[in-house]
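Visitor: I am new to this structure and would like a close look at one part, the surroundings of the ligand. Please take me through that part slowly, and then show me what lies around it.

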Amino acid sequence: MSIRAVVHGIGMFVPEKVLTNADLEKLVDTSDEWIMQRTGIKERRMCSDSESASTLAIAAAKDALKDARVDASELQVIIVGCVTGDYLFPSVSCLVQEAIGAKNAAAFDVGAACAGFIYSLNVATAMIESGQVTNALVIGSDALTKFVDFTDRSTCVLFGDGAGAVVLKAETGTDRGVIDTVLLADGSGAKHIDLQLGGSKYPVGRDYSEGKRPYIFMAGSEVYRFAVTAMGDACCRALAEAGMEASDIDLFVPHQANLRIVDSAAERLGLPPERVFKNLEKYGNTSGASIPIGLCEAVQQGRLRPGMVVMTVGFGAGLVWGANLIRW
Ligand code: UT7
């Protein structure tokens, strides 16, 4: 009988501090009207000086463990989708492991930007389905506002901070669990979104005459054009691999990057608004956290219940993109 990776608990955390469009109007030449029309974002959450990707991840992990009624010492692996880790090393997952007391868990991070949760969920699912582990804690956590240039209106209006987490357990004799995942990448688009300073090519503390960027750079319209096609393609491929139709999707939880991108993906799948989850108005683009936060709020609102088919899809720096089909 085949082993399935079934979601047993979900949790999330966002910082208390709210950054509204009105706040941004005071920092750059922008307006609430422009931001709402072009992105659908009204406000976002922002880490305080004492918060970071690990503190967000730890809080979301505790929430998910409580929901799953799993003790941290039982965990066998912790995987964190994150590109804004506290340090280059150690990984955020090791900081989480220590903080929650997961003494028996392996721990590693996955660097797939806004598709970080989709990639991480797939790695955990493969480990469970192969019999290597019987449970996993999967987290998407990012603190993008730490790397935003608050004088650049083309990026500073988009991003927010947060974390979401799920506890997966191995089960047999069930049709619940992760059904299919599609993972894709195109490194030729690496130049479209990057953060250059602080890596091994341009370490901090050196004098770079070219002035390498310490902040997020994004060629917004190139990424936009790519995303509109990529989101729909990944979904269609996952559905085809699973032998399912878009009409089988009970809830669509896409990466919350831009309302227009979300709507065009939903339109391509022919999904009515009640089957499309959106919360980007409150949080903006939280990178790897966006999908697990969406799943968590959907559960809290009663829109996602056991047995329902949920599709996630996301894209981001790399370029990377992908989709998960899950029977909740
Ligand atoms: O998770 C993956 C990460 N990336 C994304 O999801 C981003 C995908 N891209 C987008 O969401 C959109 O491209 C943006 C929201 C970033 C930009 O929207 P757009 O409709 O593609 O606008 P644009 O970049 O073509 O800019 C249109 C105009 C420009 O002015 P001009 O040259 O036409 O005079 C910009 O300078 O809007 C201007 N603009 C702004 N105006 C007011 C750009 N940002 C702002 C702003 N406020 N914040």
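Guide: A polar side-chain atom of Arg 260 lies 3.0 Å from an oxygen atom of the ligand, a polar contact being a pair of N or O atoms within 3.5 Å, where within protein one must be able to donate a hydrogen and the other to accept it, and residues adjacent in sequence count only if both atoms are side-chain atoms. An N or O atom in the side chain of Arg 38 is 2.7 Å from an oxygen atom of the ligand, while a side-chain N or O atom of Thr 30 is 2.7 Å from a nitrogen atom of the ligand. The ligand has 22 residues around it, of which Thr 30, Arg 38, Arg 153, Asn 258 and Asn 285 come nearest; a residue is counted as near if one of its heavy atoms lies within 4 Å.

This is a predicted model, in which local features need pLDDT of at least 70 and side-chain atom pairs count only at pLDDT 80 or more, whereas totals for chains, interfaces and linings use all residues. Residues are numbered from 1 along each chain as its sequence is written, and side-chain values use heavy atoms, with hydrogens and water left out.

Arg 260 also belongs to helix 8, where it is among the residues that meet helix 7; helices (H or I, at least four residues) and strands (E, at least two) are DSSP runs numbered from the N terminus. Two packed helices are described by the angle between their axes and the distance between the axes. For helix 7 (residues 220-242) and helix 8 (residues 259-269), the angle is about 35° and the axes are 9 Å apart, with axes taken as lines fitted to C-alpha atoms, for helices over the stretch in contact, and angles running from 0 to 180 degrees between N-to-C directions. On the helix 7 side, the residues in contact include Tyr 224, Met 231 and Leu 239, and on the helix 8 side they include Ile 261 and Leu 269, contact meaning heavy atoms within 4.5 Å.

Eight bridges join strand 8 to strand 13 (residues 320-327) in the antiparallel sense, and Leu 184 has Trp 321 as its bridge partner in strand 13.

In the loop between strand 7 and strand 8 sits Thr 174, whose side chain reaches the backbone nitrogen of Arg 176 at 3.0 Å.

Another open sheet, of five strands with mixed pairing, has the order 1-7-6-4-5. Its edge strands, pairing on one side only, are strand 1 (3-13) and strand 5 (106-110). Strand 4 (residues 77-81) and strand 6 (residues 135-143) run parallel and are joined by four bridges, and Gly 81 has Gly 140 in strand 6 as its bridge partner. Helix 3 (residues 53-68) lies across strand 1, strand 6 and strand 7 (161-172), at about 120° to strand 1.

Note on methods:
Pairing = 2+ DSSP bridges.
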